[in-house]
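Please look over the chain below from one end to the other before reading on. The report that follows moves from the whole protein to its parts.

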Amino acid sequence: MNVDDFPASINKSNSKPPYLLGLLGIIPMVGFFVGIGLTLYGIIKYKDRKLVIIGVSCMLFTIVAYASLFYVGFVSETGKQQWKKLSQIQLNELVKDIEYYKIQNGNYPNSLKELNSKDQFVQIYDPTQPILKKEKAYFNYKRVGDKYTLFSSGTDGIPNTKDDFFPQSKNTKNSGWVKN
């Protein structure tokens, strides 16, 4: 029996490359894996340059999509401002947590780590700091007698510069928080 004796639907050599699978390339991440498959099919099975180009395009689309999201979220000014807003909310909540700690223990914590050891849901890390650092950056906290200072270093990550920001609360007069 010869290969040419089989019907065309069974004969693999007469099948067309699956170009339409390239449409899955517009779905990031899924398209990347489809792109790998199409590229390999184009090279190994079909020996079709067009299928290889479609496969590589699918993979590149996913890379460009995620790189764009990373840029907008972490590098652009818009992204940095959004992280600053989140940080401000967490900083304001942290003042409440520190004051509650004092009510429970009679004094302010010596460090934010001490505060976090009592309640794991307390946010002590500053989201404005670069995410690519090996260690997470804490909000700046220092106990000063029966008071404390608390602030964020801002997007530059350097304390005591012009981009630092502080808790915004209506009742800071009743708390132990001092600006300096």
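A residue is called buried when its relative accessible area is under 20%, exposed when it is over 50%, and partly exposed in between, using a 1.4 Å probe and protein chains only. By that rule, buried residues make up 32% of the 180 residues in the protein. This is a predicted model, in which local features need pLDDT of at least 70 and side-chain atom pairs count only at pLDDT 80 or more, while totals for chains, interfaces and linings use all residues. Residues are numbered from 1 along each chain as its sequence is written, and side-chain values use heavy atoms, with hydrogens and water left out.

**The protein as a whole**

The term pLDDT stands for the predictor's confidence in each residue, on a scale from 0 to 100. The protein averages a pLDDT of 87, and 88% of the residues score at least 70. Where pLDDT is low, the predicted coordinates should not be read in detail. Helices and strands are taken from DSSP runs and numbered from the N terminus, a helix being H or I with at least four residues and a strand being E with at least two. The protein has four helices and two strands, and along the sequence they follow the pattern α-α-α-α-β-β. Among these elements, α1 has the highest mean pLDDT (96) and α4 the lowest (83).

Two residues are said to be in contact when heavy atoms lie within 4.5 Å. Of the contacts with a separation of 6 or more, 53% are between residues 24 or more positions apart. Accessible areas come from the Shrake-Rupley method with a 1.4 Å probe, and for residues only the protein chains shown count as cover. The protein exposes about 12400 Å², of which carbon and sulfur atoms supply 60%.

Which residue of α1 has a relative accessible area of 0%? G31, which is found in helix α1, is buried with that value. Leaving aside neighbours within four places in sequence, G31 is in contact with L24, G25, C58, M59 and T62. G31 and M59 are 28 residues apart in sequence, but their C-alpha atoms are 6.4 Å apart in space.

By contrast, F33, also in helix α1, counts as exposed at 53% relative accessibility. F33 belongs to a nonpolar surface patch of about 800 Å², together with M29, I36, L40, I43, I44, Y66 and L69. The elements that give two or more residues to this patch are α1 and α2, and α1 gives the most, with five residues. Such patches are made of residues with over 30% relative accessible area and no salt bridge; like charges are joined within 9 Å, and nonpolar side chains (Val, Leu, Ile, Met, Phe, Trp, Tyr) within 5 Å.

Helix α3 (residues 77-105) has 29 residues and reaches 41 Å from its first C-alpha to its last, close to the 42 Å expected, where the expected span is 1.5 Å times one less than the number of residues. Its buried residues include S87, L91, L94, V95 and I98, and what covers the buried residues of α3 includes α2 (49-75), α4 (112-118), β1 (140-144) and β2 (147-151). After α3 comes G106, whose phi is positive, near 85 degrees.

Side chains of opposite charge can pair when their charged atoms come close. A salt bridge is a side-chain nitrogen of Lys or Arg within 4 Å of a carboxyl oxygen of Asp or Glu, and a search of the whole structure finds one. K96 forms this bridge with E93, the closest N and O atoms being 3.2 Å apart. Both residues lie in helix α3, three residues apart, about one turn of the helix. K96 counts as exposed at 53% relative accessibility, whereas E93 counts as partly exposed at 39%.

Most residues other than glycine have a negative phi.

| Residue | Phi | Relative accessibility |
|---|---|---|
| M29 | about 75 degrees | 39% |
| N160 | about 65 degrees | 65% |

M29 lies in the segment before α1 (30-45), and N160 is found in the segment after β2. Within strand β2 itself lies T149, which counts as buried at 11% relative accessibility. Leaving aside neighbours within four places in sequence, the residues in contact with T149 include Y141, V144, W177 and V178.
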